[in-house]
Amino acid sequence: MISVVLRSKNEATWIGRCCTALQNQRVRDIEIILVDNESTDDTVAIARRFGVTVLNITREDFTYGRALNVGIEAASHEVVALVSAHCVPVDELWADYLLAHLGPDGDPAVCGVYGRQEPLPETSFMDRRDLWTTFREERVRQRKDYFFHNANSGIRKSIWRKEPFDELIRGVEDREWGRRMINAGHEIVYEPHMRVYHHHGIHQGRDEGRAKRVAEVIEIIRSSK
């Protein structure tokens, strides 16, 4: 009933935990697809032990949007979850909450759902602060706000076929896609009960290079409204 696309680059520490949590969901029909960007550790070997479909993307071809598009194209199901390989579903109900919005009984106006991200004990105080203040406890239905976060999200493949992720921008492809969806009249849901652990947070501490790259792309997105 659900295809899960994982993006990875040297995620041997986390990929086994992620796959275990996905296979322990109450929803049993879950297909896992790993799009790996030339990992040099045991990421791929570990994933294959779980029966995961492994696709490869080279460093030269990689963008965040392209990696997602490659994985979604291979997905067998209409509901496709997008999860970072270093994120781990908190409980066995993660997939249930995703399907509540995007499954057969969900509202067809909803194009995508993203969930809560929670810190681990070893997560830095800065990253904990960012996760707690960004992902709150109240469900939100977004009709104007195009914030979307692909570390823990899900979309409808039928909508993606018409509106794939931008393969040229260098990040925040989730927000760029969300802006197009909102402008087209779709709605996005933030579901706080669809929870994952995310050890490094959404801003990765004080990574100035990442902040600069993200800010530059967001400025382009804002100017194209």
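Predicted model: local features only at pLDDT ≥ 70, side-chain atom pairs only at ≥ 80, totals over all residues.

**Charged pairs, rings and cores**

Reply: Start with a network. Salt bridges link Asp91, Arg116, Glu118 and Arg195. By the rule used here, the salt bridges number 15. Side chains of opposite charge can pair when their charged atoms come close.

Take some of these bridges one by one. Asp107 and Arg141 meet through their side chains, with N to O at 2.4 Å. Asp107 sits in the loop between α4 and β6, and Arg141 sits in strand β7. The two are 34 residues apart, so the bridge links distant parts of the chain. How covered are the two partners? Asp107 is partly exposed, at 35% relative accessible area. Arg141 is partly exposed too, at 32%.

Next comes Arg139. Its salt bridge partner is Glu191, and the closest N and O atoms are 2.6 Å apart. Arg139 lies in the loop between α5 and β7, while Glu191 lies in strand β9. They are 52 residues apart, and this pair also links distant parts of the chain. Glu191 has 0% relative accessibility, so Glu191 counts as buried. The cut-off for buried is under 20%.

Arg179 pairs with Glu176, with their closest N and O atoms 3.6 Å apart. Both residues belong to helix α7. They are three residues apart, about one turn of the helix.

The structure holds eight aromatic pairs. One of them joins Phe135 and Phe147. Their ring centres are 6.4 Å apart and their planes stand at 55 degrees, so this pair is tilted. Phe135 is in the loop between α5 (125–134) and β7 (140–142), and Phe147 is in the loop between β7 and β8 (152–156). The pair therefore ties together parts that are 12 residues apart in sequence. Phe135 and Phe147 are both buried.

Now move to Phe148 and Trp177. Their ring centres are 5.5 Å apart, with planes at 35 degrees, so this pair is tilted as well. Phe148 lies in the loop between β7 and β8, and Trp177 lies in helix α7 (residues 173–183). The pair therefore ties together parts 29 residues apart in sequence. Both residues are buried.

Ring pairs link Phe135, Phe147, Phe148 and Trp177 with Tyr114, Phe165 and Tyr190.

Tyr146 also lies in the loop between β7 and β8. Tyr146 is buried, with a relative accessible area of 13%. The C-alpha atoms of Tyr146 and Gly178 are separated by 4.8 Å, though the two residues are 32 residues apart along the chain.

One more ring has a charged partner. The charged end of Arg17 sits over the ring of Trp14, 4.4 Å from its centre.

Now the nonpolar side. Which residues have the most contacts inside the largest nonpolar core? They are Ile2, Val4, Leu6, Ile15, Trp94 and Leu98, in a core of 32 residues. Elements giving two or more residues to this core include β1 (2–8), α1 (15–23), β2 (30–36) and β9 (187–198). Helix α4 gives the most, with five residues.

Leaving aside neighbours within four places in sequence, Trp94 is in contact with Val4, Leu22, Ala81, Val83 and Met194, among others. Arg195 is also one of its contacts, and Arg195 is a member of the salt bridge network we began with.

There is a second, separate core. It has 27 residues, including Cys111, Ile155, Trp177 and Ile202.

Step back to the whole chain. It has eight helices and nine strands. Of its 225 residues, 55% are buried. Among contacts with a separation of 6 or more, 78% join residues 24 or more positions apart. The accessible surface comes to about 10800 Å², and carbon and sulfur atoms hold 49% of it.

Key
Residues numbered from 1 in each chain as written. Heavy atoms only, no water. Helix = DSSP H or I, 4+ residues; strand = E, 2+ residues; numbered from the N terminus. Buried < 20%, exposed > 50% of the residue type's maximum accessible area, 1.4 Å probe, protein only. Contact = heavy atoms within 4.5 Å. Areas by Shrake-Rupley, 256 points an atom, 1.4 Å probe, with all protein chains shown as cover. Core = buried A, V, L, I, M, F, W, Y, C linked by side-chain atoms within 4.5 Å. Phe/Tyr/Trp six-rings, centres within 6.5 Å; stacked < 30°, edge-to-face > 60°. Lys NZ or Arg CZ within 6 Å of the ring centre and 35° of its normal. Salt bridge = Lys/Arg side-chain N within 4 Å of Asp/Glu carboxyl O.
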